[in-house]
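Work through the exercises below with the sequence and the model side by side, trying each task before reading its solution.

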Amino acid sequence: MPEEIPMFGWLATHSRSACRFAAPTVQRRWLRVAPPLLAECLPLLGDMLYVSGAETHASPDVPPGWLAARRELSPLLQAHWLAVAGYVGDDGPREWLECLDRHGRLRARLHLLPDTDYLAWDALPAIGVPDVPPVRCGWLPFRPAWACALRLRVRRLAGLDVLDATSAGALSELGRDLAGRIARAEAVPLHSASAG
């Protein structure tokens, strides 16, 4: 007769291997971009979730003739590299863009939502050229500070191109849920573009 092992004993001896899970592997494709061209193309994406980092101070890296309507948007005008990132997790695929400045510091993330224009999202990498950012990329941790479901726009003001944002249109229930989950994962509150 085979030896009987109590269930509790089996769990105690096997729980480590049974409870182990692997974090999803994030795939990244690096692109060097021109900040003005990126700023002109971003409004085509429609509604998306934007997460900016804590460093949103004014910088001489903003292209001449450009202005950010609010400081949280300035990292987009300083982006010299994009990482097209994504993974497939338990809740399905997730994609985002990481915006890095000329020194390779991660400054902002743009997250794909179900309400984003998928054709414009897929076409966006065509504005860049494959290139790897400086070696120091990733040395400094990204500290998210502001998240907002928004729609970017570019307008002219006194001879300047102004990158501005409005609140996202009527997001789908799935889009609102995903934006909330991403904001919670980034540990930042979800703001309204109009409220700031």
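**Exercise 1.** Does R28 count as buried, partly exposed or exposed, and at what relative accessibility?

*Solution.* The model is a predicted one, in which local features need pLDDT of at least 70 and side-chain atom pairs count only at pLDDT 80 or more, while totals for chains, interfaces and linings use all residues. Residues are numbered from 1 along each chain as its sequence is written, and side-chain values use heavy atoms, with hydrogens and water left out. Buried means under 20% relative accessible area, exposed means over 50%, and partly exposed lies in between, with a 1.4 Å probe and protein chains only. R28 has 40% relative accessibility, so R28 counts as partly exposed.

**Exercise 2.** Find the salt bridge that E98 forms with R28, and say which strands hold the two residues.

*Solution.* Side chains of opposite charge can pair when their charged atoms come close. A salt bridge here is a side-chain nitrogen of Lys or Arg within 4 Å of a carboxyl oxygen of Asp or Glu. For E98 and R28, the closest N and O atoms are 3.0 Å apart. The pair links distant parts of the chain, with E98 in strand β5 and R28 in strand β1 (residues 27-32), 70 residues apart; strands (E, at least two residues) and helices (H or I, at least four) are DSSP runs numbered from the N terminus. E98, at 4% relative accessibility, counts as buried.

**Exercise 3.** Trace the salt bridges of R109, and name the residues of the network.

*Solution.* Begin with E98, which forms a salt bridge with R109 whose closest N and O atoms are 3.6 Å apart. This pair joins strand β5 to strand β6 (residues 106-111), and its residues are 11 apart in the chain. Next, E186 forms a salt bridge with R109, the closest N and O atoms being 2.8 Å apart. Here helix α5 holds E186 and strand β6 holds R109, 77 residues apart. Both partners count as buried, E186 at 14% relative accessibility and R109 at 15%. Taken together, R28, E98, R109 and E186 are linked in a network of salt bridges.

**Exercise 4.** Which element gives the most residues to the lining of the second largest pocket?

*Solution.* Start from the lining, which includes D91, R94, L112, Y118 and R181. The elements giving two or more residues to this lining are β5 (92-100) and α5 (173-186). Of the elements, β5 gives the most, with 4 residues.

How values were computed: On a 1 Å grid over the protein atoms alone, a cavity is a set of points where a 1.4 Å probe fits but cannot get out, and a pocket is an open set with protein on both sides within 12 Å along at least five of seven lines; lining residues have an atom within 4 Å of a point.
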